[in-house]
Amino acid sequence: MKKLLNEPLQAASELVDGLVDYYNGSVEQVSPGAIALTEISDDKVALLVGGGTGHEPIYHGLIGEGMADGAACGDIFAAPPPNVILDATKAVNRGNGVLYLYGNYAGDVMNFKIAAQLAAVEGIRVETVLIWDDVASAPPTEKDKRRGIAGLIPIVKLAGAAADRAENLDELVALVTNARDNTRSVGVAMAPGSIPATGKPTFQLDEDSIGVGMGIHGEQGVGVEKMTSADELAIKMIDLVLADDLPIGAGDEVLVFVNSLGSTTMMECLIVLKKVKALLLKKGISIYDILLGPLVTCQEMAGISLSLTKLNDTLKPLWDAPCSSLGYTKLGK
Amino acid sequence: MSNLTLTPTNVKEMLLKVADVIIESEEKLSQADRDLGDGDHGLGMQRGFTAAKAQLEVLEPKTVSEVFTTTGMTLMASMGGASGAVMGMLFQSGGTALGANDSLDADGLCTFLKGACDGVTNLGGAKPGDKTMVDALVSARNKAEGNDCKSISEACQAAASGANEGMEATKAMIATMGRAKTLGEKSIGYPDPGALSVSIIFKTMSDYAS
């Protein structure tokens with residue numbers, strides 16, 4: 001795999017430097033790996049995201065107006081350490097508390113947990129909402145064992161709008177929990193990505209096989225099946241998401257997100273979207289807005305994921321608010 | 001010839017040796033992680049122990065505790081990931097449990113292992129049988145405590161043998177924690193990479209102490 005790198009082991013720190021450069025003055029690196037908006041209003045409850053790098057534009061590319069206030073960045077595919085999370089926490093806190101919003105992975109949970117304890121010692125109130133939208137990673141009765149995947153994009157966007165409106169940290173937790181609990185995703189892997197430092201693939205998959213339910217870090221799938229057509233895959237993904245415990249049916253309005261895991265092309269995403277839209281309309285489910293493209297990636301991994309967020313009267317105005325970031329920008333309703 | 005106790009400087013030398021061996025084991029640990037996870041464990045451990053080595057080299061320790069806690073804090077800060085948190089916590093809470101002792105004897109190693117087990121299980125929630133580094137760590141603790149060791153070299157030897165048995169036992173287990181859990185029965189046959197690291201750490205400590 002040809003990759004534009006300098007020193008491969010420095011890929012994470014160099015990409016964070018590049019990210020700060022991209023924001024061109026509106027974002028600063030407060031310590032290595034900890035980034036924050038330069039302007040955060042004094043009355044704001046802060047929203048902090050974070051996770052391993054190598055999955056750009058998430059999570060650190062989701063900071064901006066109407067999005068997250070800061071991010072803690074780990075090494076490639078690895079959770080950020082507690083001291084980086086603490087530095088980011090201090091940088092975004094305006095005295096009104098900080099919400100940690102991140103994907104449910106063992107490494108992230110442990111490091112954010114230690115950081116929250118360190119923040120408490122410094123008198124900063126922290127609450128946490130874990131993202132666990134992947135329906136294929138555990139049964140609905142064990143949501144705390146589910147992984148966070150592409151559903152994090154609509155969830156972080158809704159959380160960013162909520163953070164601009166929430167009076168206090170408890171209200172923000174309630175709004176973000178609402179967004180999280182109304183989002184479901186499923187992913188399908190077609191070929192592995194590789195670790196930048198070693199060039200080695202993160203997993204093996206036969207040429208004619210797909211991994212249904214495979215995670216964004218290349219964790220092996222729950223079920224390996226024969227390669228299929230875009231339409232067949234769209235049917236399979238819609239069935240998996242709608243079979244979960246969140247009732248989505250006729251009369252409901254949803255956000256649809258067709259995500260590429262890296263090298264899967266916009267062409268393929270659009271072909272899948274066409275079938276997804278037809279299937280949803282046939283069931284009487286209306287589409288409020290659509291997101292599409294490589295936003296939650298694992299290097300050059302090939303694959304796709306489908307996320308649905310069921311909107312309600314609380315979430316709809318949050319979705320309508322404008323936002324801007326590297327990963328997702330919305331001009332308005 | 002067996003050592004009864006280790007001075008803080010001995011413990012520093014021992015952990016520098018551990019750092020060298022872990023750094024050399026990068027490929028072995030990364031391959032173990034590719035079998036079960038995303039293959040980054042060896043690189044994380046290499047990064048962590050390279051940083052720990054730099055901190056230890058300039059440390060002039062008065063207590064054995066500070067050698068371990070310096071290692072723990074440095075691993076946690078430099079590695080990140082699940083392994084940074086648990087490996088850091090192993091040394092951090094094990095070292096904290098030792099208090100102000102200026103030497104490490106057999107009882108001291110047992111105190112270290114109890115502190116390490118408590119710290120790691122409280123943080124991550126893994127229990128023996130979950131196919132994690134906890135299997136190697138708890139097995140090291142049980143063997144060291146159960147052997148009525150007279151010297152630090154005997155205690156380290158017992159811990160190393162326990163850690164190795166715990167690591168070997170993970171091969172037959174089904175992963176229930178972390179990224180490997182989605183593999184289910186496909187995880188059988190491979191050792192947990194964290195358990196493999198723990199077994200290398202205690203094997204190297206035992207080699208040094210004897």
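1. Basis. This is a predicted model, in which local features need pLDDT of at least 70, side-chain atom pairs count only at pLDDT 80 or more, and totals for chains, interfaces and linings use all residues. Residues are numbered from 1 along each chain as its sequence is written, while chains are lettered from A and ligands numbered from 1 in the order in which they are written.

2. Fold of chain B. Chain B has nine helices and zero strands. Its elements, from the N terminus on, run α-α-α-α-α-α-α-α-α. Helices (H or I, at least four residues) and strands (E, at least two) are DSSP runs, numbered from the N terminus.

3. Along the principal axes, the C-alpha atoms of chain B fill a box of roughly 45 × 35 × 30 Å.

4. Packing of chain B. Of its 210 residues, 63% count as buried. A residue is buried if 20 or more other C-beta atoms, placed from the backbone, lie within 10 Å of its own. Among contacts in chain B with a separation of 6 or more, 67% come from residues 24 or more positions apart. Two residues are in contact if their C-beta atoms, placed from the backbone, lie within 7 Å.

5. Contact between the chains. Chain B gives 24 residues and chain A gives 28 residues. In chain B, α2 (26-36), α3 (41-57), α4 (64-79), α5 (81-97) and α6 (106-124) each supply at least two residues of the side that touches chain A. The largest share of that side, five residues, comes from α5(B).

6. Sheet in chain A. Six strands of chain A form an open sheet with mixed pairing, in the order β1-β2-β4-β3-β5-β6. Strands pair if DSSP finds at least two bridges between them. β1 (27-31) and β6 (126-131) of chain A are the edge strands, each pairing on one side only.

7. The β5/β6 end of chain A. Strand β5 (residues 98-103) of chain A runs parallel to β6(A), and six bridges join them. Tyr100(A) stands opposite Thr128(A) in β6(A). Helix α5 (residues 169-181) of chain A lies across β5 and β6 of chain A, at about 0 degrees to β6(A). Axes are lines fitted to C-alpha atoms, for helices over the stretch in contact, and angles run from 0 to 180 degrees between N-to-C directions.

Conventions: A residue is buried if 20 or more other C-beta atoms lie within 10 Å of its own, exposed if 12 or fewer, and partly exposed in between; C-beta atoms are placed from the backbone.
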